[in-house]
Amino acid sequence: MANDTETATRDAQLLAQATALHQAGKLNEAHTIYQNVLTENPQHTQAMTMLGAIYIQAGQHEQGLTFIRQSLAINRSQADAYSIGGIG
């Protein structure tokens, strides 16, 4: 079983990979990675926010905002979440 440091490192690597895919417009691949991170760590706010961003980009605004609101409920000090969700 991985310790907290190993898990955090793995999550950071996966998020970096997902972010690169997301920025390249490979939304399905990025979605899969963000979802995998959330499966392992359901409280991972960055993965939650970025998954919300993908849904918003795909025109599924309500589903995207649901992920962003969940992320903000865990950690209210996320400028990216507010910006992506258009929440002020």
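Colleague: Which residues does Phe67 touch, not counting residues up to four places away in sequence?

Modeller: Contact means heavy atoms within 4.5 Å. With that rule, and leaving out residues up to four places away in sequence, Phe67 touches Leu38, Met48, Leu51, Gly52 and Tyr55. Now a word on the source. This is a predicted model, in which local features need pLDDT of at least 70 and side-chain atom pairs count only at pLDDT 80 or more, while totals for chains, interfaces and linings use all residues. Residues are numbered from 1 along each chain as its sequence is written, and side-chain values use heavy atoms, with hydrogens and water left out.

Colleague: Is Phe67 buried or exposed?

Modeller: Start with the cut-offs. Buried means under 20% relative accessible area, exposed means over 50%, and partly exposed lies in between (1.4 Å probe, protein chains only). Phe67 has 15% relative accessibility, so Phe67 counts as buried.

Colleague: Where does Phe67 lie?

Modeller: In helix H4. Helices here are DSSP runs (H or I, at least four residues), numbered from the N terminus.

Colleague: How many aromatic pairs does a search of the whole structure find?

Modeller: First the idea. A pair of aromatic rings is described by the distance of the centres and the angle of the planes. Rings of Phe, Tyr and Trp (its six-membered ring) pair if their centres lie within 6.5 Å; planes under 30 degrees apart are stacked, over 60 edge-to-face, and the rest tilted. The search finds one such pair. The ring centres of Tyr55 and Phe67 are 5.5 Å apart and the planes are at 5°, so this pair is stacked. Tyr55 sits in helix H3 (residues 45-57) and Phe67 in helix H4 (residues 61-74), so the pair ties together parts 12 residues apart in sequence. Both Tyr55 and Phe67 are buried.

Colleague: What about H3, and how many of its residues are buried?

Modeller: Of the 13 residues of H3, 11 are buried, so H3 is largely enclosed by the rest of the structure. Among the buried ones are Met48, Leu51, Gly52 and Tyr55. The cover over them includes H1, H2, H4 and helix H5 (79-85). Take Gly52 in H3. Its relative accessibility is 0%, so Gly52 counts as buried. Setting aside neighbours within four places in sequence, Gly52 is in contact with Gly64, Phe67 and Ile68. After H3 comes Gly59, with a positive phi near 85°.

Colleague: How many salt bridges does a search of the whole structure find?

Modeller: Side chains of opposite charge can pair when their charged atoms come close. The test for a salt bridge is a side-chain nitrogen of Lys or Arg within 4 Å of a carboxyl oxygen of Asp or Glu. The search finds one. Asp11 and Arg10 form it, with the closest N and O atoms 3.8 Å apart. Asp11 is at 4% relative accessibility and counts as buried, whereas Arg10, at 31%, counts as partly exposed. Asp11 also touches Val37, Asn41 and His44, not counting residues up to four places away in sequence.

Colleague: What span should helix H1 (residues 4-23) have?

Modeller: The expected span of a helix is 1.5 Å times one less than its number of residues. For the 20 residues of H1 that gives 28 Å, and its end C-alpha atoms are 28 Å apart, which agrees.

Colleague: Which residues of H1 are buried?

Modeller: Asp11, Leu15, Ala18, Leu21 and His22. An arc is taken over the directions from the helix axis to the C-beta atoms. These residues cover an arc of only 120°, which puts them on the same side of H1. The face turned away carries the exposed residues Thr5, Gln13 and Gln23. The buried residues of H1 pack against helix H2 (27-40) and H3.

Colleague: What caps the N-terminal end of H1?

Modeller: Asn3 does: a side-chain oxygen lies 3.0 Å from the backbone nitrogen of Thr5. At the other end, H1 is followed by Gly25, whose phi is positive, near 85°.

Colleague: Which residues of H2 are buried?

Modeller: Ala30, Ile33, Tyr34, Val37 and Leu38. They fall within an arc of 140° seen down the axis of H2, so they line one face of the helix. On the other side, Asn28, Thr39 and Glu40 are exposed. The cover over the buried residues of H2 includes H1, H3 and H4.

Key. Helices (H or I, at least four residues) and strands (E, at least two) are DSSP runs, numbered from the N terminus. A polar contact is a pair of N or O atoms within 3.5 Å; within protein, one must be able to donate a hydrogen and the other to accept it, and residues adjacent in sequence count only if both atoms are side-chain atoms.
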